[in-house]
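Hi there,

Here is the structure I promised to pass on to you. Please have a look at it first, and then read my notes below.

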Amino acid sequence: MAQGSSTGSVQVTHTGTSRWRRRTGEYDSLASALEAAADGDVLSVAPGTYRENLIVSRPVTLRGGEGGRGTVRIAPTEGVAVTVRASATLRDLLIEGHDASAPALLVEDGAPELADLRVVTRSAAGIEVRDGARPTVRRCSVDNPGGVGISVLDGAAGLFEDCEVVAAGQSGVTVRGGAAPRLERCRVHHTRGAGLSLTGEGSTLEAVGCEVYEIQGTGVQLTSRATGLLTDCRVHRTSADGVTLDTDAVLSLTDCDIHDVPENAIDLRSRSVLTMTRSAVRRFGRNGLSVWDPGTRVEAGQCEIHDSTGDYPAVWVSDGAGAELVSCRVHDVPDALFVLDRESSADVTDSDLARVRGTAVSVSGGATARLADCRIREATTGVWFRGHGSGGTLSGCAVDATSTGVIVTKGADPLVERCTVTSPREAGFYVSAEGRGTFDGCRVTGSAGYGFHVIDGCRSTLTACRTERCARGGYEFAEDGPVSQGCTSDEDTVRHRAAVPAVERAARPPDRGAPGVPAQRSPAVADPAPAGASRTAAAALAELDALVGLESVKREVRALTDMLEVGRRRRLAGLKAASPRRHLVFTGSPGTGKTTVARLYGEILASLGVLERGHLVEVARVDLVGEHIGSTALRTQEAFDRARGGVLFIDEAYALCPEDSGRDFGREAIDTLVKLMEDHRDEVVVIVAGYTAEMQRFLTVNPGVASRFSRTITFGDYAPEELLRIVRQQADEHEYRISDEAAEALLRYFTDIPKGPAFGNGRTARRTFEAMVERHAGRVAQLAAPSTDDLTLLYAGDLPDSP
């Protein structure tokens, strides 16, 4: 019954399900009680079920009885269960909707207060706010497996505090049509659409301290010029992306945490803009930040991106997009930052990139990256620039504990200044395949390989660089390419334009250069013309025989050559001929002539008609192994195709299967290579080379590897007498003479020099000769009128300091 009081309040008491009893101030329905109430009246509703479509059009208070939330149940069979069109107050009600085409609770006007409501429905929306309404909604819950949880549209706003969407058949919260709600400490979960969905120009959502999780779709989605501001929010356990922005959407994330996302943690497209501050992105399956299209950009400050669960770069910037990272940390990821395509750019300042299984920073396809005062450590590759038009700047960066610090390939041209590379396993800086680059004031310390390794005649410029404790040498340059000025090393000399070891030039006509400057030839790229077209197998074998030492190697190569030649003659005579496998394994220390012998072997095979061209293509791990799934197979195929008709020489092949590989694409390169060797067995000869023990491990990594190679040829270290012969050959080639006392001193020097991993064999002999030439020049330059003997004779005092 409905009962009135002398104070003007209206109390509605439900006496049972059989009938309504009317007496003075009592009403037979909620609707009639509301009609009789005046503004400001309080309506207390007794527990029970009310099958009415309730319309509140006056500023009254409607509250459930003393039994608590859920005892007063408003559940009409169709239409909107409760419509609010005034600044009323609704408390402690259970609202049920049963119309799939209408919302359960509709707020159309005013600034009502809704508190402790429970909406359980299968409606189009659990709560819908529209037409400029501004409700304050506190401690309400929505369970709507049939539609949207909360919908705010058409210019409406409102404050939602401590509310919860416990289930939604579509999006948890939608904002469109210029609406602008604010959510504080709300939870949205178990939805079958986006957790939070914003669309349309002027549509804005501000969320503070909210949580979005267990979403069958995207966690937070903004499209079509919508704007969002999330502070201290968590988005996690989605089935799609964590956050997506599309078509001019704008989002600010402050102190937010996005984690446990199987796809992209944050994906931006079509001129969208994201600003992140002190936020974390972790445990994501694809990209942590994925940024696409011209005009799209990310600005991240003091953010952390880490613990990827997939095989994709943590930050991906492509198709003309831009990213700016300031004081950020990216760690424990497959790759840290990829910038692709022309007009794409990334600016990274004062940031840490660490524990990266692949490449920390990759710049390709004409993109630009600018890194300043960054720290990169524990990565396979620190920074990789590749592709014509690709470049940027590395300034004041430190790269530590990588395989290669900085790689520049395929026409890229960055500026690298005041950067340090510490303890690389292969090289500090590596330039190949038409890469360029300007290196100013850079430093490499403790490299297990070279400090600066520039091959293929690449036109790099080095100024005031420094190398220290580099096992294979501070600087290894190809011919007619790199230029260096004011560079130094803790070696006895800096080879600004390094020569090929004497073992590689013994039978060549001397190339006379400036006095004291050895002739040059790139060790990595051979003449692409068919070798057999210019000289015979006998000529190539004569050059092989002229090499210092290597007697067992010469016997092995001659035995192979004899077998191939006899096989050719037997076929010409109509007899059966064996087809010996021509692929080889070269083992031994650096500087023992493996590359030279591989080149000569190709020429011999071409002259015998076994290979079409006989040219040499030299590659290393960096040329075969890509940064993401699928790229390694493509690179390996490309290298193999370049070598068709000739020899593919893989130096330090064991680097393709590191002992602590974990997730490593090197094995993919091996698997691809094994198949190519079988499918094209008559087109390419493959030679793999490296240290003896490591190459034994390489041959066991794939069941097909050992069976593809016919034999292993071991290159032994040079004896002191052989090293002296190499120095004498270099002296003869460049019109110098070795005095008798200098020869005796050289023998002692080569006997005493440590023969550890840093020992370079032929390279050591070459460097020793270059050091002698440099010291000789310093001595003779002081003479007013030097004689011919003064200009040509090298003395014991010209040797570098004792090892």
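**How α2 meets α3**

Leu 541, Leu 544 and Asp 545 of α2 are in contact with Lys 554, Val 557, Arg 558 and Thr 561 of α3. By residue class, this contact of α2 with α3 splits into 3 nonpolar, 1 polar and 3 charged. Please keep in mind that the model is a predicted one. Helix α2 covers residues 537–546 and helix α3 covers residues 551–572; their axes come within 10 Å and cross at roughly 165 degrees. An angle over 145 degrees counts as roughly antiparallel, and α2 is therefore roughly antiparallel to α3. The crossing of α2 past α3 is left-handed.

The axes of helix α11 (residues 740–752) and helix α12 (residues 762–780) cross at roughly 135 degrees and come within 12 Å. That makes α11 and α12 oblique to each other. Here α11 passes α12 in a right-handed crossing. On the α11 side the contact is made by Leu 746, Tyr 749 and Phe 750, and on the α12 side by Thr 764, Ala 765, Thr 768 and Met 772. The residues of this contact of α11 with α12 comprise 5 nonpolar, 2 polar and no charged.

**Aromatic rings**

How many aromatic pairs does the structure hold? The count is 11. Take Phe 586 and Phe 715: their ring centres are 4.9 Å apart and their planes stand at 55 degrees, so this pair is tilted. Phe 586 sits in strand β59 (residues 584–588) and Phe 715 in strand β63 (residues 711–715), so to speak a link between distant parts of the chain, 129 residues apart. Both Phe 586 and Phe 715 are buried.Tyr 749 and Phe 750, two of the α11 residues that meet α12, also form a ring pair: the centres lie 5.7 Å apart and the planes are at 75 degrees, so the pair is edge-to-face. Is Tyr 749 buried or exposed? With a relative accessibility of 10%, Tyr 749 counts as buried. Phe 750 is buried as well, its relative accessible area being 0%. Elsewhere, Phe 429, Phe 439, Phe 452, Tyr 475 and Phe 477 come together in one aromatic cluster.

**The surroundings of Leu 624**

Leu 624 belongs to helix α5, which covers residues 621–624. The relative accessible area of Leu 624 is 2%, so this residue is buried. Leaving aside residues up to four places away in sequence, Leu 624 touches Val 619, Thr 632, Arg 635, Thr 636, Ala 639, Ile 650, Leu 656 and Ala 669.

**The chain as a whole**

To finish, here are the overall figures. The chain has 65 strands and 13 helices. Of its 803 residues, 58% are buried. Among contacts between residues at least 6 apart in sequence, 52% join residues at least 24 apart.

Best wishes

Definitions and conventions:
Residues numbered from 1 in each chain as written. Predicted model: local features only at pLDDT ≥ 70, side-chain atom pairs only at ≥ 80, totals over all residues. Heavy atoms only, no water. Axes fitted to C-alpha atoms, helices over the stretch in contact; angles between N-to-C directions. Helix = DSSP H or I, 4+ residues; strand = E, 2+ residues; numbered from the N terminus. Parallel < 35°, antiparallel > 145°, perpendicular 65-115°, else oblique. Left-handed = near helix turned anticlockwise from the far one by under 90°. Contact = heavy atoms within 4.5 Å. Nonpolar A, V, L, I, M, F, W, Y, C, P; charged D, E, K, R; others polar. Phe/Tyr/Trp six-rings, centres within 6.5 Å; stacked < 30°, edge-to-face > 60°. Buried < 20%, exposed > 50% of the residue type's maximum accessible area, 1.4 Å probe, protein only.
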